[in-house]
Amino acid sequence: MKLDTLAVHAGQHPDPTTGAVMPNIVLSSTFAQDGPGEHKGYDYSRSGNPTRNTLEACIAALEGGAHGLSFGSGLGATTTILHLLRPGDHVVCGDDVYGGTFRILDKCFKPLGIDVSFVDFSDPSRLEAALQPNTKLVWLETPTNPTLKVFDIAALAAITRPKSIPLVVDNTFATPVIQRPLALGADIVLHSVTKYLNGHSDVVGGAIVVNDDGLHQGLRFLQNALGAVPSPFDCFMVLRGIKTLHLRVERASASALSLAQWLESHPDVRRVHYPGLPSHPNHSVAQRQMALTGGMISFVISPGKDHDTLARSRRFLKAVKLFACAESLGGVESLIEHPALMTHASVPAAQRNALGIDDGLIRVSVGVEHVEDLRADLAQAFELSATVR
Ligand SMILES: *Cc1c(COP(=O)(O)O)cnc(C)c1O
């Protein structure tokens with residue numbers, strides 16, 4: 001079945017006793033057993049829960065994977081994957097990742113003896129050069145956050161596969177509507193469900209999808225052992241949100257492309273990062289790998305009449321009326337944020353500058369409002385922020 005159909009139906013059947021078309025929310029933490037160990041597949045909700053199983057089956061189907069696992073946050077999913085490693089192991093990670101992914105590797109796992117190299121995968125040979133005999137995991141996001149670089153998943157998988165090093169792709173920005181990493185050779189797909197999958201900015205959640213049975217067993221053990229599981233109520237909310245995933249991503253992508261083109265021609269914009277623009281350095285990979293180019297844009301604003309870029313950025317984010325100045329992304333409402341001051345404040349300044357996360361960089365998550373209203377809001381914010389009032 002096509003993704004549009006899976007988004008509405010995967011893992012879900014009308015309830016056999018009542019006919020309810022939406023899955024039941026099973027809040028019970030424990031399940032009655034006929035005798036010790038004699039149960040109907042559930043004994044305790046950290047280990048397994050019917051509403052969670054439904055969500056896991058749905059997300060696995062969307063990614064074209066055999067097994068899905070869901071978590072209480074995207075970072076809960078990340079924590080769980082990283083516990084596959086042992087002291088002395090080495091990870092190669094993309095250099096332009098979610099700030100929290102950088103932080104957990106740098107501040108939580110490095111002190112436990114897990115070595116990390118951060119690498120720009122734009123040229124896949126850099127991955128080859130970064131591999132060590134003790135490399136046990138390769139981690140990437142594409143498009144990256146916040147500069148929206150696009151990496152060639154199939155080319156990178158062609159390097160990790162022969163060496164049997166699991167390749168993790170964080171597919172939060174693209175969603176399975178745009179690309180399915182497992183089909184391109186990735187071993188583990190990760191989602192911050194908080195973003196597009198739920199899509200309504202009212203749940204924090206995470207997910208993992210894999211095909212390999214052994215990897216699934218290891219992760220399933222860790223899901224229960226570490227305990228970063230989602231609530232059944234949140235699982236229901238996400239199932240509800242996913243039903244319109246394809247519609248939301250299609251609309252956001254169309255509007256983002258239109259806004260990116262407009263921004264690129266705006267006199268107060270120095271640079272636009274958007275994979276759908278021919279000026280994007282990885283445009284040809286994006287054309288090949290991505291069905292749509294997504295709802296995320298970042299751009300560099302010019303300084304205002306006071307020649308102060310940071311002050312202009314601050315004024316711009318205060319001037320928008322329809323866009324909410326907020327972290328996060330992937331919801332129905334459009335959001336705007338300043339990575340250096342907000343989402344990527346935990347990345348050291350030297351590294352931020354090397355990545356182009358500078359004072360003028362602004363990131364936009366395009367929602368499903370009418371694109372003309374969004375453009376008008378940005379236009380008035382450019383005007384209002386040009387001068388100091
Ligand atoms: C938000 C995000 C995460 C972390 O997910 P949480 O649900 O906030 O824990 C990981 N990766 C990417 C790309 C994200 O945007």
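**Entry 1: the model.** I reminded myself that I am looking at a predicted model.

**Entry 2: the ligand.** I looked up what surrounds the ligand and found 13 residues, with L75, D170, S192, T194 and K195 the closest. Next I checked some polar atoms. At D170, an N or O atom of the side chain sits 2.7 Å from a nitrogen atom of the ligand. For T194, I found a polar side-chain atom 2.7 Å from a ligand oxygen atom. L75 uses its backbone instead: a polar atom there is 2.9 Å from an oxygen atom of the ligand. I also noted the cover: of the 380 Å² of accessible area that the ligand has on its own, the protein covers 93%.

**Entry 3: two helices.** I then turned to α2 (residues 50–62) and α9 (residues 232–242), whose axes come within 8 Å and cross at roughly 35 degrees. The crossing is left-handed. On the α2 side, I listed T51, R52, T54, L55, C58, I59 and L62 as making the contact. Their partners on α9 are P232, C235, F236, V238, L239 and I242. Sorting this contact by class gave me 10 nonpolar, 2 polar and 1 charged residues.

**Entry 4: backbone details.** I went to the loop between β4 (135–141) and α6 (153–160), where P143 lies. A cis peptide bond joins T142 to P143, with omega about -10 degrees. P146 is in the loop between β4 and α6 too, and the bond from N145 to P146 is cis, with omega near 10 degrees. Last, I visited S201, in the loop between β6 (188–192) and β7 (206–210). S201 is not a glycine, yet its phi is positive, at about 50 degrees.

Key: Residues numbered from 1 in each chain as written. Predicted model: local features only at pLDDT ≥ 70, side-chain atom pairs only at ≥ 80, totals over all residues. Heavy atoms only, no water. Axes fitted to C-alpha atoms, helices over the stretch in contact; angles between N-to-C directions. Helix = DSSP H or I, 4+ residues; strand = E, 2+ residues; numbered from the N terminus. Left-handed = near helix turned anticlockwise from the far one by under 90°. Contact = heavy atoms within 4.5 Å. Nonpolar A, V, L, I, M, F, W, Y, C, P; charged D, E, K, R; others polar. Near = heavy atom within 4 Å. Polar contact = N/O pair within 3.5 Å; in protein donor to acceptor, adjacent residues only side chain to side chain. Areas by Shrake-Rupley, 256 points an atom, 1.4 Å probe, with all protein chains shown as cover.
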